[in-house]
Amino acid sequence: MPSDTPILSLDNLSKTFAVRPVFGRASVVDALRNVSLDLLPGRALALVGESGSGKSTVGKMIVGVHSPTSGRILFEGQDIAAMTSKADQMRYRQAVQMVFQDPFSALNPAHTIRHHLLRALALHQPETDPDAALRSILEDVELDPVSTPDKFPHELSGGQRQRVNFARALAVKARLIVADEPTSMLDVSIRKSVLGLMQRLKSEYGLSILYITHDIATAEYLAEDTAVMFRGQVVEKGPTSQVVGNPQHGYTKLLRAAVPDPALRLTGGDAGFAAQAKFVRETSAHPVSALREISPGHVIAEHAVPAHA
Amino acid sequence: MSALLSVKDLRIDYLTSGEPFTAVRDISFEIQLNEILGLAGESGCGKSTVAYALMRLHKPPALVRNGHILFEGRDVLSFCDKELRAWRWSEVSMVFQSAMNSLSPVMTIFRQFYDMLRAQSTVTKAQAQERTAQMLEMVGIPADRMHAHPHQLSGGMRQRVALALALTLKPKLIIMDEPTTALDVVVQREILQEVLRLKDELGFSVLFITHDIALMAQISDRIGIMREGKIVEIGTASQIVTAPKHDYTRSIWDAMPLLAQRPEGMAHAV
Ligand SMILES: Nc1ncnc2c1ncn2[C@@H]1O[C@H](COP(=O)(O)OP(=O)(O)OP(=O)(O)O)[C@@H](O)[C@H]1O
Ligand SMILES: Nc1ncnc2c1ncn2[C@@H]1O[C@H](COP(=O)(O)OP(=O)(O)OP(=O)(O)O)[C@@H](O)[C@H]1O
Ligand SMILES: [Mg+2]
Ligand SMILES: [Mg+2]
């Protein structure tokens with residue numbers, strides 16, 4: 001299989017949530033609007049964008065927590081909604097794993113690390129020698145294979161717990177990992193080691209990674225490609241070097257300029273930042289009318305009302 | 001000038017099955033009126049433990065072994081339950097490191113504002129709705145979302161609700177423990193600027209805990225650097241940034257990830 005065949009494609013995906021208050025009328029939230037993205041084997045795609053723009057919703061739809069309102073999710077070309085056989089569905093659930101922001105939430109506090117990993121191994125690799133497999137997986141994620149198995153989650157630091165979550169994805173032989181802000185609760189040194197781990201999973205195991213993050217510097221380090229979301233739409237995507245290094249959409253430019261600069265003091269009177277942000281938001285919220293390619297693979301959205309009018 | 005908050009020789013142990021673990025080792029610091037004090041340090045150095053103790057929210061196995069916490073000269077550690085209830089949230093509030101610790105999963109957002117407002121003074125439901133709408137809009141969330149439950153909001157929206165709740169009763173001190181980890185940098189900057197604007201208007205102090213030291217340098221008046229339960233260095237933001245005295249402070253700066261290139265073509269707004 002040539003490596004530029006996507007392992008997963010999102011094809012015009014939309015998602016609408018209805019919020020029903022006890023009293024009053026229901027309101028709807030257009031969480032995703034016609035999102036199309038491709039994930040390639042052995043590569044990472046960073047998904048960045050405004051808080052509430054739909055990034056986690058993309059991740060949750062991929063792992064099946066939510067189903068699309070319209071559009072398709074294609075796994076190696078096959079529509080996952082059309083997978084009828086149990087075997088196909090199992091294969092998909094195993095291939096695609098999610099790692100969450102909060103390293104505490106995904107582990108059961110009552111069970112040891114051994115229990116968590118052996119369970120995953122037994123379900124998905126029943127033929128292998130469990131103890132040898134456990135040892136090798138812990139080594140892969142750089143956890144001590146002797147002392148770690150008998151520990152409970154609360155006896156590990158945040159970074160170690162996040163490694164266990166990645167180890168679990170390895171145990172089920174995942175091929176795509178959806179990592180939703182996996183390092184934002186971790187401090188700089190631990191963050192670096194988790195990023196290094198993801199880098200290795202990609203280059204040594206050929207895993208694909210959808211890396212949802214607010215941290216553009218880490219996207220630059222890990223991801224070959226970056227997509228930027230705003231209000232449920234993809235407004236810019238392409239090679240990270242282009243999207244981050246030479247942003248072209250108004251929202252991406254704003255995002256890039258707001259990265260904290262220690263030399264710049266924030267004040268209450270902001271000399272125009274809020275006004276500029278408001279302007280960019282208004283113009284970027286309109287429906288995307290076309291995608292324009294400005295260099296090979298680097299596309300930006302044009303909005304129904306021009307963003308730079 | 002007398003300090004709003006004064007912490008003296010505070011020591012906090014966690015009583016574990018073996019030897020007690022001393023997470024905070026005799027630290028002392030002050031927060032002045034209208035001051036933003038930043039607190040930085042690597043994971044596990046004791047920042048949240050300090051924050052909980054300042055609010056008197058520490059619970060077993062955490063135990064304050066030694067020291068004093070004075071708020072406007074009053075001894076916080078000796079407050080009775082009634083004094084605590086009157087003081088907490090209305091005079092000092094907190095944004096927790098995990099937004100879900102600030103919010104109840106079973107109540108709508110409006111309900112959580114309503115309960116907080118009602119506990120302080122008599123308000124009608126209509127007045128509470130108006131205030132909730134105002135606070136949500138301040139953090140960039142459409143007012144009609146007040147009828148949602150926390151799980152119907154994104155991670156960053158929940159964090160913004162927690163921040164809005166902490167500001168609602170106009171306290172004198174707000175403890176912010178990693179208040180913007182779930183936000184994109186644009187919203188983060190807008191909200192922090194809004195906090196600064198409110199501070200100019202109302203006057204309050206902030207203890208700002210974060211692992212993002214670039215952000216900390218942008219917002220703090222003074223910065224304390226913590227390591228293994230001790231404050232190893234404390235000084236003005238510009239001194240900590242440009243002339244750190246302690247090796248550990250220097251090593252924090254060296255470890256800071258930087259973007260490959262700073263953006264061109266878009267001037268910084270300030
Ligand atoms: N279960 C739900 N019911 C109703 N609305 C929802 C639900 N889940 C998400 N939403 C809404 O969908 C929108 C997108 O949310 P999502 O969590 O995908 O954002 P995000 O980009 O991950 O944001 P953040 O960076 O803050 O985590 C938000 O407006 C959110 O309130
Ligand atoms: N309930 C507990 N029982 C035992 N030890 C604890 C408990 N809570 C925290 N600790 C320990 O106390 C120390 C300080 O923890 P604290 O949560 O204050 O760190 P922090 O500086 O806030 O770290 P982070 O940046 O990761 O949030 C850590 O070594 C931690 O392992
Ligand atoms: Mg999210
Ligand atoms: Mg903490």
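**A buried glutamine and the interface**

Reply: In this predicted model, Q112(B) is buried, with a relative accessible area of 9%. The residue counts as buried because this value is under the limit of 20%. Q112(B) belongs to helix α4 of chain B, which covers residues 109-120. Its side chain reaches the backbone oxygen of M107(B) at a distance of 3.0 Å. M107(B) is also one of the residues that Q112(B) touches when those up to four places away in sequence are not counted.

The account now turns to the two chains together. In the contact between them, 47 residues of chain A meet 50 residues of chain B. The two chains bury about 4,500 Å² between them, and 59% of this area is on carbon and sulfur atoms. The interface also includes 2 salt bridges. One salt bridge joins E190(B) to R281(A), with the closest N and O atoms 2.7 Å apart. Between chain A and chain B, 12 residue pairs are in polar contact, both residues being at pLDDT 80 or more.

Several elements of chain A contribute to the side that touches chain B. At least two residues each come from β2 (27-39), α6 (188-205), α7 (216-222), α9 (250-257) and α10 (273-284). Of these, α9(A) gives the most, with 6 residues. By class, this side of chain A has 23 nonpolar, 12 polar and 12 charged residues.

The buried residues are G250(A), Y251(A), T252(A), L254(A), L255(A), R256(A) and A257(A).

Finally, there is the ligand. Ligand 1 lies between chains A and B, and 21 residues surround it. The closest are G52(A) and T57(A) from chain A, together with Q152(B), S154(B) and G156(B) from chain B. Backbone atoms of both chains approach oxygen atoms of the ligand. On the side of chain A, a backbone N or O atom of K55(A) lies 2.8 Å from an oxygen atom of ligand 1. On the side of chain B, a backbone N or O atom of G156(B) lies 2.7 Å from an oxygen atom of ligand 1, while for G155(B) the corresponding distance is 3.5 Å.

Conventions: Residues are numbered from 1 along each chain as its sequence is written. Chains are lettered from A and ligands numbered from 1 in the order in which they are written. This is a predicted model: local features need pLDDT of at least 70, side-chain atom pairs count only at pLDDT 80 or more; totals for chains, interfaces and linings use all residues. Side-chain values use heavy atoms; hydrogens and water are left out. Contact means heavy atoms within 4.5 Å. Buried area is the accessible area (1.4 Å probe) that two parts lose on being put together, summed over both. A salt bridge is a side-chain nitrogen of Lys or Arg within 4 Å of a carboxyl oxygen of Asp or Glu. A polar contact is a pair of N or O atoms within 3.5 Å; within protein, one must be able to donate a hydrogen and the other to accept it, and residues adjacent in sequence count only if both atoms are side-chain atoms. Helices (H or I, at least four residues) and strands (E, at least two) are DSSP runs, numbered from the N terminus. Ala, Val, Leu, Ile, Met, Phe, Trp, Tyr, Cys and Pro count as nonpolar, Asp, Glu, Lys and Arg as charged, and the others, Gly among them, as polar. Buried means under 20% relative accessible area, exposed over 50%, partly exposed in between (1.4 Å probe, protein chains only). A residue is near a molecule or strand if one of its heavy atoms lies within 4 Å of it.
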